[in-house]
Amino acid sequence: MNLVPALFGGLLMIGVLSCGKANDTNQGPAVQPSASASVVPQPYALGAPQGPPVVAELTHAPAVPKPTQRKAPAKVVVNLEVREVELPISDGVTYTFWTFGGQVPGKFIRVRQGDTVEFHLRNHPDSKMPHNIDLHAVTGPGGGAASSFTAPGHESQFTFKVLNQGLYVYHCATAPVGMHIANGMYGLILVEPPEGLPPVDREYYVMQGDFYTVGKYREKGLAQFDMQKGIDEKPTYVVFNGSENSLVGDKAITAKAGETVRLYVGNGGPNLVSSFHVIGEIFDKVFPEGGTRIQENVQTTLVPAGGSAIVEFRVDVPGTYVIVDHSIFRTFHKGALGMLKVEGPEAKDIYSGKEVDSVYLSDMAAPGAAVVAAAKGAEQGNLTKDQQIAAGKALYQGTCSTCHKEEGTGVEKAFPPLAKSDFLMQDKTRSIQIVLNGLNGEVVVNGTKFNSVMPPWSHLTDDAIANILTYVRNSWGNSGDAVTTAEVAKVRKDTPRPPGAGH
């Protein structure tokens, strides 16, 4: 059944706007108003605000404010504060984000078509930069940006009437605009139809962003913004909700089998287009680009930079569903991975098999406390072998376990075992070289020949390789000394690279 009239109201089907915007391209020619007619297009004649002012409920992702459930337009007061804060972007890695409300993405705003919004933007006194806000839901030059330029310690106020339904991005538009957005200054504002949205069991807020830092992905410490990477559109991180750990483990979003889920999906960019996908689910309904048209039975939907989409689906089978950008290197090598955990009785008639393949969960399925502890130990100069082993075990899950298996047994006639491996333990430097540069050709491990291909993992940081190898060299019957970051760095430095090679 087509739910467009119920979901976004019939108002968009009434005529063509006199300002030249046709809400239905299949309609006939626009009817020009007479000289005495009102210049306000009929779909926008939603009336003046009624009742006392309403202070908007704002929520941090992945939470969504409650539906407005109002029968008439209101004056809605939105209070939003800009804060510049240092937060984790990955395990052991922090970044100074510029935020609307203290987290990335900015707080979710929910209003009703026809509302009059009184917007208050405060810039915290500790901020180092002036900021403003451009809301794509605003009809007017700059989307509010010119009216909201706010210095640290100051507040700006402006008012706008919400004319169009849909899901809209807001972002900072202070120069250099790309830098402000790249530091996390974006969020979503939902404009409900007058009759509200049809109820669902769960609603969540998921917003993707690409981040540009000096150094390598997961390089420990405080990451600095890299303007040239931003200009070149080469992000170090691509993540949901400001961190690669924001929607995994105990932070995963949840549902119960049989429930309907609605995701409000945004893409702050500033550069990349998202190929949004939930592994193991099909979107029953998609509202592309946050608009009022509907697409059904969609596997992957594009979300442009500075754009959005609403996706709805029913979850029938329990398990862990992995949320990804299906430009897939971004998921497994830049951080764009989240989880939807569904509880409930098995549905063998729909799906029979193991819950989820570990290749989809990667190392982000496990808590990152061990990786953080190892990074802190290295920073303080007291890193222990046990800390390296614990961190290496967590990292091994997402880098090596698919081929070499969780217990290091390998795959018969394909991938050699790491457990009790004479080949591994004979030469520590060689093992580092293999991880960094890959391996092709025949090898003999524990008396058995293997002839397969191992890709290079030179994109990993030196400390990650050191921790993984320390874990492998001290597990499953292996016993050896630790591999140090300095040893990995030396092998990397001594390895000839083709011109232009990234690592």
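This is a predicted model: local features need pLDDT of at least 70, side-chain atom pairs count only at pLDDT 80 or more; totals for chains, interfaces and linings use all residues.
A residue is termed partly exposed when its relative accessible area lies between the limits for buried, under 20%, and exposed, over 50%. By this criterion Cys403, with a relative accessible area of 29%, is partly exposed. Cys172, by contrast, has a relative accessible area of 0% and is therefore classed as buried.

Across the protein chain the pLDDT averages 88, and 87% of the residues reach a score of at least 70. Residues 1-42 form a stretch in which pLDDT stays under 50. For this stretch the model contains 63 contacts beyond four places in sequence.

Cys403 accordingly takes part in no disulfide, the nearest cysteine sulfur being that of Cys400, at 8.7 Å.

Helix packing was examined for α11, which spans residues 462-472, and α12, which spans residues 485-494. The axes of these two helices come within 8 Å and cross at roughly 115°. The crossing of α11 and α12 is right-handed. On the side of α11, the contact is made by Asp462, Asp463, Ile465 and Ala466, while α12 contributes Thr485, Val488, Ala489 and Arg492. By residue class, the contact of α11 with α12 comprises four nonpolar, one polar and three charged residues.

Technical notes. Residues are numbered from 1 along each chain as its sequence is written. Side-chain values use heavy atoms; hydrogens and water are left out. Axes are lines fitted to C-alpha atoms, for helices over the stretch in contact, and angles run from 0 to 180 degrees between N-to-C directions. Helices (H or I, at least four residues) and strands (E, at least two) are DSSP runs, numbered from the N terminus. A crossing is left-handed if the near helix is turned anticlockwise from the far one by less than a right angle, and right-handed if clockwise. Contact means heavy atoms within 4.5 Å. Ala, Val, Leu, Ile, Met, Phe, Trp, Tyr, Cys and Pro count as nonpolar, Asp, Glu, Lys and Arg as charged, and the others, Gly among them, as polar. pLDDT is the predictor's confidence in each residue, from 0 to 100. Buried means under 20% relative accessible area, exposed over 50%, partly exposed in between (1.4 Å probe, protein chains only). A disulfide is a pair of cysteine sulfur atoms within 2.5 Å.
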